[in-house]
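Student: Hey, can we go through this one together? I'd like to start with the strands.

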Amino acid sequence: MNWLASIQPSTVRKLEVYIISLLRHFFVKVFNKNQTHNYLRTYELTVGPEHQLVIPAVSDASNPTKILFANTSIHVAPSFVWRIQGGNKKATLLDCGSVLFDKKLLLTDYTIDASINLFTHHKRAPYQATTLIAPWSQFFEETPSGFLYKRWITFRGYYDFMMLVAAKLCRIKDALSEQVFAQSIVAYPLLNTAFEQDFLTLIGFRPEQILDSQLYNVSFDTCLLGDSNSWCYPNITDVMSLKRNVERRVSVERTHQNRIYIRRTGRRRVLNEEDLIRLLKTYDFTIIDDVPRSIAEQVSIYKNAAFIVGPHGASFTNIIWCEPGAHLFELFNAEYVPDYFLYLSKLMNLRYSGYCSGTRVGTNSGALTADITVSISEVEECLQRLLIVS
């Protein structure tokens with residue numbers, strides 16, 4: 001399909017619109033997210049309430065006049081669990097994880113146009129499930145502008161999985177009896193990462209209950225679905241469900257109040273980290289290396305942390321295991337200063353501080369991978385003040 005590279009995006013989009021209209025007319029109704037929600041109203045099993053959260057302005061820890069985050073009022077939409085019955089209606093799971101039900105393609109997550117999910121790329125083994133849990137309705141690497149013109153959205157990281165898939169699975173688990181959950185099949189396009197397998201095992205799925213929708217053509221009698229709303233601001237009900245379900249299995253009690261530094265060895269690492277670590281050790285910080293760890297190990301590290309320092313990164317997803325009052329001190333590159341760990345900190349009743357060198361602060365996605373340099377003297381001044389408060 002190399003010839004596609006020479007076609008103008010506008011031409012490709014017109015072709016897609018034409019194909020979509022044919023699909024809708026002759027084969028299936030392709031629902032967008034809003035249409036999916038409206039259609040599934042009669043199938044609602046549980047509803048997590050919407051909530052409003054006001055996040056006060058946050059200044060740079062080293063400079064009160066430099067605003068990292070403005071005062072923000074966040075509205076988080078409700079979260080749903082739906083239960084649909086196959087019966088005489090055609091009910092199957094596509095390889096992308098979307099449900100095709102009664103000639104309707106249902107989209108519960110983020111893809112802009114669900115029509116791209118109709119195209120199965122290879123033959124899959126048939127599988128009939130009595131109860132199916134379908135927690136994710138798109139490939140983890142998607143083409144939101146269309147199935148031909150490639151512009152990728154990627155949801156493959158630890159934060160993505162824990163907040164979008166793991167939390168939703170916990171929401172669905174809470175809506176079911178233990179007996180039904182124990183007999184259910186979970187299927188979606190698996191990431192095949194260690195943290196994914198660790199979580200699925202931890203929450204109670206046996207290997208034979210876990211299917212990759214890219215390999216199995218799953219039909220079902222009953223299917224449990226849930227929606228995804230904000231990537232940055234997950235529903236508090238989901239976050240607390242995730243915390244509760246994991247901690248119930250891990251059973252880690254807080255025995256220490258450690259000061260920890262979370263290293264990063266990939267993107268967004270601290271370039272002058274050796275100097276920073278030297279400083280932190282004089283304040284009794286434990287250095288946590290960037291190596292693979294089980295979820296149980298991460299729960300233990302964060303639950304026993306009283307003060308956490310580190311560059312912005314997915315490890316801070318684990319602050320949901322922290323005890324209330326723990327302090328997160330997040331280091332940024334000034335061109336990329338997102339607020340979703342500030343949001344999680346507020347949900348979990350943690351203290352929060354942020355720091356970046358330089359004077360200009362922004363959220364330029366082009367700087368997503370940019371490394372970080374800190375002023376050692378400025379960080380030390382921050383620590384001297386913040387550690388007293390903590």
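**Strands and salt bridges**

Tutor: Strand 7 (residues 79-85) and strand 16 (residues 216-226) pair in the antiparallel sense over five bridges. Two strands pair if DSSP finds at least two bridges between them; strands (E, at least two residues) and helices (H or I, at least four) are DSSP runs numbered from the N terminus. This is a predicted model, where local features need pLDDT of at least 70 and side-chain atom pairs pLDDT 80 or more, while totals for chains, interfaces and linings use all residues. Residues are numbered from 1 along each chain as its sequence is written, and side-chain values use heavy atoms, leaving out hydrogens and water.

Student: Which residue is the bridge partner of Ile-84 in strand 16?

Tutor: Cys-223.

Student: And how does strand 11 run with strand 16?

Tutor: Strand 11 (residues 125-134) runs parallel to strand 16, with nine bridges joining them. Ala-125 has Tyr-216 as its bridge partner there.

Student: New topic: how many salt bridges are there?

Tutor: The structure holds 13, counting a side-chain nitrogen of Lys or Arg within 4 Å of a carboxyl oxygen of Asp or Glu. One of them links Lys-303 and Glu-247, at 3.2 Å from N to O. Lys-303 is in helix 8 and Glu-247 in helix 6, so the pair ties together parts 56 residues apart in sequence.

Student: Are those two buried or exposed?

Tutor: Both Lys-303 and Glu-247 are buried, where buried means under 20% relative accessible area (1.4 Å probe, protein chains only).

Student: What else does Glu-247 bridge to?

Tutor: Lys-243, with the closest N and O atoms 2.8 Å apart. Both lie in helix 6, four residues apart, about one turn of the helix.

Key: Buried < 20%, exposed > 50% of the residue type's maximum accessible area, 1.4 Å probe, protein only.
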